[in-house]
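I opened this model to look up its side-chain contacts.

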Amino acid sequence: MSTLNVPPIPLSPRDDAMQLHRAFKGFGCDTSAIINILAHRDATQRAYLQQEYSAMYSEDLLKRLSSELSGKLENAVLLWMHDPAGRDAIILKQTLTVAKNLEAATEVICSRTPSQLQYLRQIYHTKFGIYLDHDIERNASGDHKKILLAYVSTPRHEGPEVNREMAENDAMVLYKAGEKKLGTDEKTFVQIFSQRSAAQLAAINHFYHGKYGHSLKKAIKNETSGNFAHALLTIVQCAESPAKYFAKVLRKAMKGLGTDDTKLLRVIVTRSEIDLHYIKAEYLKKYKKTLNDAVHSETSGHYRAFLLSLLGPKQ
């Protein structure tokens, strides 16, 4: 469920474009006005606004925003302006080929649904003229590369149906491939984790716990490491509850000395129109503090105002 707070009767894209143009004029821009408009428009409205702005002022709105804003606020707003698939494509291009942040690329790929991934691959190729699989092939390695390639390209069922017998058998197969033997049969993990639906994986985890006394998550931590472990853990945790998974990611971004703003803004911006409402509920339940309060204490200025606008009212 989205946290996006769109006005009941929003202004027309033309009115929005005029207000933004006014906010850009003069010495320094009216950043609050920019936030008040952009943080309260959904993906379709933002797309229309960009078209209208370009038609009215013969100028690319994203380029103008980039020249008017700076720092973390600029990064957050520019990411927000894209539709979800386009945004994911940009994040993946950046994290795979420029920043070489394979942890972030893994988070995005392994937390998306099969239909989201299918569309993302099309958009990636349209935007960059290269296949996502090629960039994964070039920039990842070993078992990590194998799971990412298998995960983006294998069709999986998205419904809630579960084959209990198959799930019980898979739990046993994974135990034999991992904890039961000396060394780990990574190929089996790649195969099951890339081919089974989210509901099926959640059932496998349930049977694994029942049979062997601890979760599949613990087995993954014992048997694998690095980015490969991160991919498997992301897949199994998102199969159980994407909201719980992202609540943990946000906590990690804000915990300890300093804040991982790249991670913080990426999760808030990418989940705002999907399930941020549920993530907020999970965060409060697990950490006894609202996500709004946590973000408020870790950020400042217009950047804080923008993220809090996307988060919506406190629960």
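**Ground rules.** I am working with a predicted model, where local features need pLDDT of at least 70, side-chain atom pairs count only at pLDDT 80 or more, and totals for chains, interfaces and linings use all residues. Residues are numbered from 1 along each chain as its sequence is written, and side-chain values use heavy atoms, with hydrogens and water left out.

**Aromatic pairs.** I searched the whole structure and got 9 aromatic pairs. Rings of Phe, Tyr and Trp (its six-membered ring) pair if their centres lie within 6.5 Å; planes under 30 degrees apart are stacked, over 60 edge-to-face, and the rest tilted. I looked up Tyr-175 and Tyr-208. Their ring centres are 6.3 Å apart and the planes meet at 65°, so I logged the pair as edge-to-face. Tyr-175 sits in helix α11 (residues 164–177) and Tyr-208 in helix α13 (residues 198–212), so the pair links distant parts of the chain, 33 residues apart. Helices here are DSSP runs (H or I, at least four residues), numbered from the N terminus.

Next I checked burial. I call a residue buried under 20% relative accessible area, exposed over 50%, and partly exposed in between (1.4 Å probe, protein chains only). Tyr-208 is buried at 1%, whereas Tyr-175 is partly exposed at 24%. I also noted a cluster: ring pairs link Phe-24, Tyr-53 and Tyr-57.

**Charges over rings.** A charge sits over a ring if NZ of Lys or CZ of Arg is within 6 Å of the ring centre and within 35 degrees of the ring normal. I noted Arg-46, whose charged end sits over the ring of Trp-80, 3.8 Å from its centre. I also noted Arg-156, which lies over the face of Tyr-151 at 3.7 Å from the ring centre.

**Salt bridges.** Side chains of opposite charge can pair when their charged atoms come close. My cut-off is a side-chain nitrogen of Lys or Arg within 4 Å of a carboxyl oxygen of Asp or Glu. The structure holds 17 salt bridges.

- Arg-14 bridges to Glu-52, with the closest N and O atoms 4.0 Å apart. Arg-14 is in helix α1 (residues 13–24) and Glu-52 in helix α3 (residues 43–57), so the bridge ties together parts 38 residues apart in sequence. Arg-14 is partly exposed at 46%, and Glu-52 is partly exposed at 25%.
- Glu-59 meets Arg-64 at 3.3 Å, N to O. Glu-59 is partly exposed at 25%, while Arg-64 is buried at 17%.
- Arg-196 meets Asp-170 at 2.5 Å, N to O. Arg-196 lies in the loop between α12 (186–195) and α13, and Asp-170 in helix α11, so this pair ties together parts 26 residues apart in sequence. Arg-196 is buried at 16%. Asp-170 is buried at 4%.
- Arg-46 came up again: a network of salt bridges links Arg-46, Arg-87 and Glu-273.

**Helix α8.** I compared the length with expectation, taken as 1.5 Å times one less than the number of residues. The 15 residues of α8 (residues 114–128) should span 21 Å, and the end C-alpha atoms are 21 Å apart, which agrees. What is buried on α8? I listed Pro-114, Leu-117, Leu-120, Ile-123 and Tyr-124. The cover over these buried residues includes α6 (84–98), α7 (102–111), α9 (132–139) and α10 (142–153). Gly-129 follows α8 with a positive phi, near 70°.

Key. Helices (H or I, at least four residues) and strands (E, at least two) are DSSP runs, numbered from the N terminus. Contact means heavy atoms within 4.5 Å.
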